[in-house]
Amino acid sequence: MKRQLGFILAAVLFVAGCGPTSPSSSSPDSAKKNGDFKVALLTPGPVSDAGWSALAYRGLQAIEKELGAEVNNQQASDAQIRDAMRSYAQKGYNLVIGHGYEYNAPGIEVAKDFPNTVFVSSSGGETAKNAGAFRFALEQGFYLAGLTAGSMTKSGTVAMIGGPDVPSIASTFKAFRAGATAAKPGIKVIESYTGSNDDIAKANQATLAAIGQGADFVIHQANAAAQGVFDACKEKGVMAFGANFDQNSAAPDTVLASAVIVADPAFVDLAKQVKAGTYTGHVETYDMAKGAIDFVWNPKLADKVPSDVKAKVEAAMADIKSGKLAVPMDKF
Amino acid sequence: MIDAVVNLLRFAAPVGLAATGETVGQKAGVINIGLEGMMLVSSYAGVVASQSSGSPWFGLLVAVMASVVLAVVQGFFTISLQADQVVAGTAINLFALGLTGTLYRARFGASGQLLSVPKIPRLGPGFDALPLFWIASLVVVSWALYRTKWGLALRASGEFPPAVEAAGYSPNALRWQAVLIGGLFAGLAGAHLALGISGSFAENMTVGRGFVALAMVTFGRWKPVWVFAASLLIGYADSLQFELQALNIGLPPQFFIALPYALALAVLVFVGKGTAVPAALGQPYRRQR
């Protein structure tokens with residue numbers, strides 16, 4: 001009897017603990033809105049990562065606010081992706097956004113069975129009648145960060161600290177490397193991965209190791225673990241760059257500038273097309289020219305940046321916007 | 001050189017502290033699969049307490065208390081109710097992940113924040129408080145387990161509890177003590193991860209360190225000194241892989257990330273023989289009548 005009670009209590013704990021990974025994790029009051037237009041979001045990581053997944057969640061909230069849509073979101077990866085897409089489509093969702101290239105192929109596949117639902121993935125190259133992709137050209141922001149780092153480095157070594165080694169992160173790192181090399185040919189660029197988006201301690205350790213090898217500028221793609229990068233830079237007195245969000249205030253004396261995705265307008269724009277029924281499957285790039293990517297200086301450290309470097313970056317930014325300068329971007 | 005040693009101890013300590021406590025628990029016959037969850041909960045509690053009070057030492061206290069509360073839950077299920085230890089521990093892990101995620105989002109917003117909270121200050125040139133405690137605890141735990149009557153009775157509770165009962169001790173009382181000590185160490189481990197190293201919190205920030213600590217206990221053949229050495233070795237492999245990545249050798253990063261685990265497996269191939277495992281590990285003890 002005691003033993004059974006133990007199992008039952010353990011099961012209760014189990015159920016109670018399953019909170020934020022279940023679909024109900026979006027704000028409960030969202031279900032109250034009228035159900036005419038429904039939008040779902042699938043993210044590869046927790047939406048609380050203050051990075052890649054968080055900006056999609058903010059985009060979803062913007063859709064809810066501006067279009068009065070009913071919204072829901074859940075974290076889904078690997079085999080869960082198709083299941084989640086199908087269950088949203090069955091519940092009558094008009095738009096299902098998968099926030100990453102890995103949602104592209106499942107979206108194309110599921111779209112065949114649900115012609116009334118649109119499936120869009122952030123990056124990815126395949127399209128169908130009711131499925132496509134939109135791609136944030138964060139590479140452009142990383143290029144400018146690389147240009148800044150390459151122009152300002154004293155040691156001739158800069159570093160990039162990533163979470164998992166996935167194509168989207170590797171592509172932004174390539175752009176950073178291109179920018180740094182454009183400013184200072186032959187510059188040493190360290191590329192180091194921790195394997196996790198959540199491991200603050202390892203991000204810290206990897207950054208310390210890179211600084212130990214001489215890096216005096218560090219950019220990251222570590223999402224929730226970014227503070228570990230900034231902390232190591234602060235401790236050793238070197239400069240860092242923010243990524244995805246404007247992270248200049250996360251470590252105000254350390255983060256020189258941030259490569260930012262301005263996601264909300266792109267998400268709302270996409271949802272508007274779907275709502276109006278004008279969406280056709282295509283791949284759309286949201287870049288600097290569209291205002292979706294930005295490079296934001298930290299005003300507190302403005303005097304640390306020489307005016308010629310600032311001018312060089314401004315000029316490159318204008319060239320990127322006009323199309324004169326093409327930043328390398330991997331297809332994936 | 002000294003810097004390298006300090007850093008090694010600093011980054012190996014979360015796993016090492018948890019493994020030291022877990023050695024005591026397993027010696028008494030209780031395996032704590034919920035170690036990961038206890039570390040995570042103490043990390044979260046420590047960060048919130050440090051942020052709201054401004055004192056990392058208060059954060060440390062709250063972190064340890066939070067972990068000990070979970071240890072009481074674990075003890076209640078596995079010792080008092082004699083539930084399956086693996087099931088109860090797994091439930092604690094899932095509960096901890098859900099609880100900390102929900103509380104974090106409720107407090108800091110659904111899209112999260114890059115928190116920066118007061119960290120435990122370093123003692124002297126680079127030396128951290130909790131890694132020093134880890135080294136000190138090695139001496140104390142070894143002495144208590146192998147040089148005291150209490151330690152003998154505790155180890156017997158993990159080998160053949162009826163004999164402990166016959167000798168006039170209560171195996172379950174000893175197991176309770178071991179579980180609470182394990183909870184204390186898990187709390188220190190989580191606190192060091194969050195307040196000693198990171199000064200921040202992210203969902204699931206322990207990223208499997210509790211499971212690595214469990215592996216270290218097996219790796220170290222249930223002997224505190226060897227568990228300590230195993231934790232240091234894996235910690236060294238971990239710091240080495242970042243040094244190697246920073247050298248720009250050009251090998252794929254997965255190779256380096258897997259290095260500590262590959263090393264652990266390789267060592268286990270050589271030392272994995274024998275029956276060092278406590279005979280009654282994982283078995284609930286019912287009093288003889």
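Chain A holds 10 helices and 12 strands, in what is a predicted model. Of the 332 residues of chain A, 58% count as buried, and among the contacts in this chain between residues at least 6 apart in sequence, 68% join residues at least 24 apart.

Chain A is divided into two domains, each built from two stretches of the sequence: domain 1 covers 2-136 + 263-286, and domain 2 covers 138-261 + 298-322. Where these domains meet, domain 1 of chain A gives 11 residues to the contact and domain 2 of chain A gives 10 residues. On the side of domain 1 that touches domain 2, the residues divide into six nonpolar, four polar and one charged.

The contact between the two chains takes 45 residues from chain B and 49 residues from chain A. On the side of chain B that touches chain A, the elements that give two or more residues are helix 1 (2-27), helix 4 (85-108), helix 8 (171-198), helix 10 (224-246) and helix 11 (253-257) of chain B. Helix 4 of chain B provides the largest share of that side, 12 residues. The table shows how the residues of two contact sides divide by kind.

| Domain 1 of chain A, touching domain 2 of chain A | six residues | four residues | one residue |

The largest nonpolar core has 198 residues, and those with the most contacts inside it are A:Ala145, A:Ala210, A:Val218, A:Val229, A:Ala240, B:Ala18 and B:Met216. Helix 8 of chain B gives the largest share of this core, 14 residues. Domain 1 and domain 2 of chain A both give residues to this core, so it lies between them. As for the surroundings of one of the residues named above, B:Met216 is in contact with B:Val15, B:Ala19, B:Val227, B:Ala230, B:Ser231 and B:Ile234, leaving aside its neighbours within four places in sequence.

Note on methods: Residues numbered from 1 in each chain as written. Chains lettered and ligands numbered in written order. Predicted model: local features only at pLDDT ≥ 70, side-chain atom pairs only at ≥ 80, totals over all residues. Contact = placed C-beta atoms within 7 Å. Helix = DSSP H or I, 4+ residues; strand = E, 2+ residues; numbered from the N terminus. Domains from an automatic or database assignment. Nonpolar A, V, L, I, M, F, W, Y, C, P; charged D, E, K, R; others polar. Buried ≥ 20, exposed ≤ 12 C-beta atoms within 10 Å, placed from the backbone. Core = buried A, V, L, I, M, F, W, Y, C linked by C-beta atoms within 7 Å.
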